[in-house]
Amino acid sequence: MPEESRATPARMIGVFGGAFDPVHLGHLSLATTALSALGIDLLLWVPAGKPAHRPPLVAEARHRLTMLRLATAGKPSFRIDAAEIIQRCTSYTVPTLQRLRQQYPDSALVLILGFDAFCGLGGWHQWEKLPQLAHLALTGRPGYGNDLHNEPLRSQLDGFYKPVTSAEELRRSYCGAVINFATRPIDTSATYIRSMLAAGKEPAGLQTEIMSYIRRHRLYGWQDKARMYVGQGINTTGR
Ligand code: ATP
């Protein structure tokens, strides 16, 4: 238990990790709702460098980071923590939280997870250490279910974490509580978005600025339709 846990935390910091390959409206809805529903003062977006539990990422780190900057621009409660990208080694949540504990000793940390990420938590490196480092805030996700109470892992977690139901209870300590919160369901994923882009279609679920960036840098196999038709000898000018 951190030494500072004797006093009440000065503020609550949300920690939202992900591949963000690319960042989409599902991420933004989750992050925005977490701020208001949990009374979070500052939300750290933590883009993974090399995620441990998934295939290699598609866009280069510098592009994922720039897209995240565009998506969060002008929102003072959002901050990007790029340390996992800068370190260039495999990203694990426990060491990241240990670093953030040192960096923000007066704050409670709240690890924010969608349902799919939560279901994989039992396989994370040193996951048993999580309750000494952060609270856990869980929310449902369309297509993956949202029955956090019936999930076997949830009952396993209850032995480690103290279930709470209000933001006030969360704010009383630095770590070790678990809370569920409701988000507006947005049925999208980066996988779906990448597959649409690779097929030359504009997917729903992306901010306009992000789509423009993807188009400009031809990420995820995107090619402008006009260029594709020219390449195939098809006249798109109507003349
Ligand atoms: P991919 O399809 O490449 O796996 P993703 O869309 O699942 O990507 P991640 O960056 O892996 O996005 O997810 C980061 C976090 O955001 C996870 O906690 C995940 O549960 C959550 N999340 C992603 N999309 C949604 C969504 N549509 N609704 C709620 N939570 C989401």
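Q: Which helices and strands each supply at least two residues of the shell around the ligand?
A: They are α1 (25–38), β6 (107–114), α5 (115–119) and α8 (190–198), where helices (H or I, at least four residues) and strands (E, at least two) are DSSP runs numbered from the N terminus. The largest share, three residues, comes from α1. Residues are numbered from 1 along each chain as its sequence is written. The model is predicted, and local features need a pLDDT of at least 70, side-chain atom pairs count only at pLDDT 80 or more, and totals for chains, interfaces and linings use all residues.

Q: What makes a residue part of the group around the ligand, and which of the 18 come nearest?
A: A residue is near a molecule or strand if its C-beta atom, placed from the backbone, lies within 6 Å of it. Of the 18 residues around the ligand, Gly-18, Gly-26, Gly-114, Ala-190 and Thr-191 come nearest.

Q: How many residues of the shell around the ligand are nonpolar, polar and charged?
A: The shell has seven nonpolar, eight polar and three charged residues, where Ala, Val, Leu, Ile, Met, Phe, Trp, Tyr, Cys and Pro count as nonpolar, Asp, Glu, Lys and Arg as charged, and the others, Gly among them, as polar.

Q: Why is strand β1 called largely enclosed by the rest of the structure?
A: A residue is buried if 20 or more other C-beta atoms lie within 10 Å of its own, exposed if 12 or fewer, and partly exposed in between, with C-beta atoms placed from the backbone. Seven of the eight residues of β1 (residues 11–18) are buried, so this strand is largely enclosed by the rest of the structure.

Q: How do you know that β1 pairs with β6 and with β2?
A: Two strands pair if DSSP finds at least two bridges between them. Five bridges join β1 to β6, running parallel, and six join β1 to β2 (residues 42–47), again parallel. Val-15 has Leu-111 in β6 as its bridge partner, while Ile-13 stands opposite Leu-42 in β2.

Q: Which are the edge strands?
A: Seven strands form an open sheet with parallel pairing, in the order β4-β2-β1-β6-β7-β9-β8. The edge strands are β4 (78–80) and β8 (162–163), each of which pairs on one side only.
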